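Here is my note on the model, as numbered points. Please read it with the coordinates open.

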Amino acid sequence: MTAEISPEKGRLASLDILRGFDLFLLVFFQPVFMSLARTLDVPWLEGVMRQFEHAPWAGFRLWDIVMPLFMFMAGASMPFSFAKFGDDKRAAYKRIARRVVLLFVLGMVVQGNLLGLDPYRIYLYSNTLQAIGVGYLITSILMLHCSLRGQIVAAVLLLAAYWVPMTFLGDFTPDGNFADTVDRVVLGRFRDGVYWEDDGWHFSPYYHYTWILSSLTFGVTVLLGSFAGRIAREGRNDGARAVKRLLGIGVALVAAGLLWSLQMPIIKIIWSCSMTLFAGGICFILLGIFYYWIDYKGHTRGLEWLKIYGMNSITAYVLAQVINFRCIASSLTYGLEKFMGDYYGVLLNFANYLIIFLILMAMYRRRVFLRL
């Protein structure tokens, strides 16, 4: 990890603000809102709360776009970051290798139980950061060695390589899909959800996320982001055309995802092909809207604060997932518990994520941005 000072030159504000919006939902709004909504226990909020939870299997909810958008935005920044390498592939690969390794290690810190120092509960591949790392690696290789047309063909081939075994070697149920079988065989005891009992290792019946075969479609999600980033970068000379292309491709991908879902359901947990296209289309549309309003029209009023999250997105994610700041809030406000009742837990949640925001804001004001 390195700290960069004021890297904003040459960046598109819409990319940082959209990424910041995604991280704000993830590391502030959703956990605080859900804590408050559960405490209020108001019937009409139940439908809203469902949108801030993942679909249990097939289907798509608002909360299901957060991880794809995080990955998509990682790809969208690549045409900008790769431009500085020029023809120096050696320097590019050094950066790629370092970033992939760090993303995998941080993923194990966040969700792989690395800090637990318990060999019986180490999970090798089970986190969003690692999915970004794999998608970033696939996209990087294609960007360095293939033309745009070659990259598009590669995206189609990646989808096909996922679709064929999923369609002909299993079904689309939680226990019958081929991606789950691959994870059980390849990851074995190092798969998330595996636990030890006296008679041996057991797979949890409640854990259905897949990673190994789904890496193919992770790559497509990041690759779609790189296509969008390329359009945004080229759009500096013709912003109106860039907006039309982003929105048009987005609508086409959403339609393609819905059409494909008639055969392969939209299932975020296994990152199905239809979900990849559907979510990718939504990401294109969101970037098109943000690009239109921020970079094309020049409106940033009321949105600049989202850069606090967007320009230190990995830091925000890791802080929120690894470090519990509730103890600080509890130490300072424990006297309020007897007056607030169940709402005291809401206060601690709010304080936890507020402290993370204040840390990120201090970093932003000092122009310190941690980069992998």
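1. Asp41 is exposed, at a relative accessible area of 60%. Exposed means over 50%, buried under 20%, and partly exposed in between, with a 1.4 Å probe and protein chains only. Asp41 sits in the loop between helix 1 and helix 2 (45-51). Its phi is near 55°, a positive value in a residue other than glycine. Most residues other than glycine have a negative phi.

2. Asn113 also deserves a look. Its phi is near 60°, positive again in a residue that is not glycine. Asn113 belongs to the loop between helix 5 (89-110) and helix 6 (128-145).

3. A word on provenance. This is a predicted model: local features need pLDDT of at least 70 and side-chain atom pairs count only at pLDDT 80 or more, while totals for chains, interfaces and linings use all residues. Numbering starts from 1 along each chain as its sequence is written, and side-chain values use heavy atoms, with hydrogens and water left out.

4. Is Met71 buried or exposed? Met71 counts as buried, at 0% relative accessibility. It lies in helix 3 (residues 66-76). Setting aside neighbours within four places in sequence, Met71 contacts Ala131, Ile132, Phe218, Thr221, Val222 and Trp271. Contact means heavy atoms within 4.5 Å.

5. Helix 1 (residues 13-40) packs with helix 13 (residues 313-322) at about 5°, axes 10 Å apart. The two are therefore roughly parallel. That label covers angles under 35 degrees; over 145 is roughly antiparallel, 65 to 115 roughly perpendicular, and the rest oblique. Axes are lines fitted to C-alpha atoms, for helices over the stretch in contact, and angles run from 0 to 180 degrees between N-to-C directions.

6. Which residues meet there? From helix 1 come Arg19, Leu23, Leu26 and Val27; from helix 13, Ser313, Ala316, Tyr317 and Ala320. By class, this contact of helix 1 with helix 13 has 6 nonpolar, 1 polar and 1 charged residues.

7. Overall, the protein has 16 helices and 4 strands. These are DSSP runs numbered from the N terminus: helices are H or I with at least four residues, strands E with at least two. Of the 372 residues, 52% count as buried. Among contacts between residues at least 6 apart in sequence, 73% join residues at least 24 apart. The C-alpha trace spans about 65 × 55 × 45 Å along its principal axes.

Key:
Nonpolar A, V, L, I, M, F, W, Y, C, P; charged D, E, K, R; others polar.
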